[in-house]
Amino acid sequence: MTLPAGIDPSVPPSGAGCGDCDAVDGWWFHLRRCAQCGHIGCCDDSPSKHATAHAQSTGHPIIRSYEPGETWFWNFETNEMYETGPDLVAPECHPLDQPTPGPAGRVPANWADTLR
C-alpha cells in the first residue's frame with residue numbers, strides 16, 4: 001500500500017498535549033496530531049488553533065485526532081475527512097487521565113463560553 005503524501009506512520013507524537021499551548025500556559029479543547037511529523041496541536045475550537053497554524057506554517061497537510069477512541073484524519077489541502085487511515089506509532093491519543101478540555105489546572109471555569 002502506498003501512503004498518501006503527508007503521512008509517516010513511524011513518527012511518534014511530540015508529546016501528551018499541545019506544546020505550543022504549554023509554552024504560554026494556555027489550554028486546549030481537543031488535540032490533533034500531525035500525521036507527517038507528530039506535532040501535537042490544539043484543535044480549531046481551542047483558543048489558539050495551533051494544529052491549523054502548524055499545517056499552514058509547515059505545509060504538512062494531514063492531521064489525525066489525538067483524542068481517545070477517534071481514528072479520523074483531516075486533509076487541509078483538500079478539506080476532506082477520512083474516517084480511518086494507516087495506524088500511527090503509539091500512543092494514539094493523549095493520556096486517558098488528562099481531562100478534556102485540558103490540561104488540568106489551566107482551563108478557565110468559563111471555558112465553554114470561549115468556544116466559537
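## Terms and model

Two strands pair if DSSP finds at least two bridges between them. Strands (E, at least two residues) and helices (H or I, at least four) are DSSP runs, numbered from the N terminus.

This is a predicted model: local features need pLDDT of at least 70, side-chain atom pairs count only at pLDDT 80 or more, and totals for chains, interfaces and linings use all residues. Residues are numbered from 1 along each chain as its sequence is written, and side-chain values use heavy atoms, with hydrogens and water left out.

## The sheet

Five strands form an open sheet in the order β2-β1-β3-β4-β5, with antiparallel pairing. β2 and β5 (80–82) are the edge strands, each pairing on one side only. On average, neighbouring strands are turned by 30 degrees against each other, direction ignored. Axes here are lines fitted to C-alpha atoms, for helices over the stretch in contact; angles run from 0 to 180 degrees between N-to-C directions.

β1 (residues 31–34) and β3 run antiparallel, joined by 3 bridges. C34 has I63 of β3 as its bridge partner. β1 also pairs with β2 over 3 bridges, in the antiparallel sense. There, L31 stands opposite C42.

## Strand β3

β3 (residues 62–65) is covered on both faces. I62 and R64 are buried on one side, I63 and S65 on the other. Buried means under 20% relative accessible area, exposed over 50%, and partly exposed in between (1.4 Å probe, protein chains only).

β3 pairs with β4 (residues 73–75) in the antiparallel sense, over 3 bridges. In that pairing, I62 faces N75.

## Helix α2

α2 spans residues 50–58, and its buried residues are H50, A51, T52, H54 and A55. An α-helix has 3.6 residues a turn, so residues three or four places apart point the same way. Cover for the buried residues of α2 includes α1 (19–23), β1 and β2 (40–42). Contact means heavy atoms within 4.5 Å.

α2 lies across β1 and β2 and runs at about 120 degrees to β2. G59 follows α2, with a positive phi near 80 degrees.

## Cysteines

A disulfide is a pair of cysteine sulfur atoms within 2.5 Å. The count by this rule is 0. C37 is in no disulfide: its nearest cysteine sulfur, that of C34, is 3.7 Å away. C37 is partly exposed, at 31% relative accessible area.

C93 is in no disulfide either; the nearest cysteine sulfur, that of C43, is 15 Å away. C93 is buried, with a relative accessible area of 19%.
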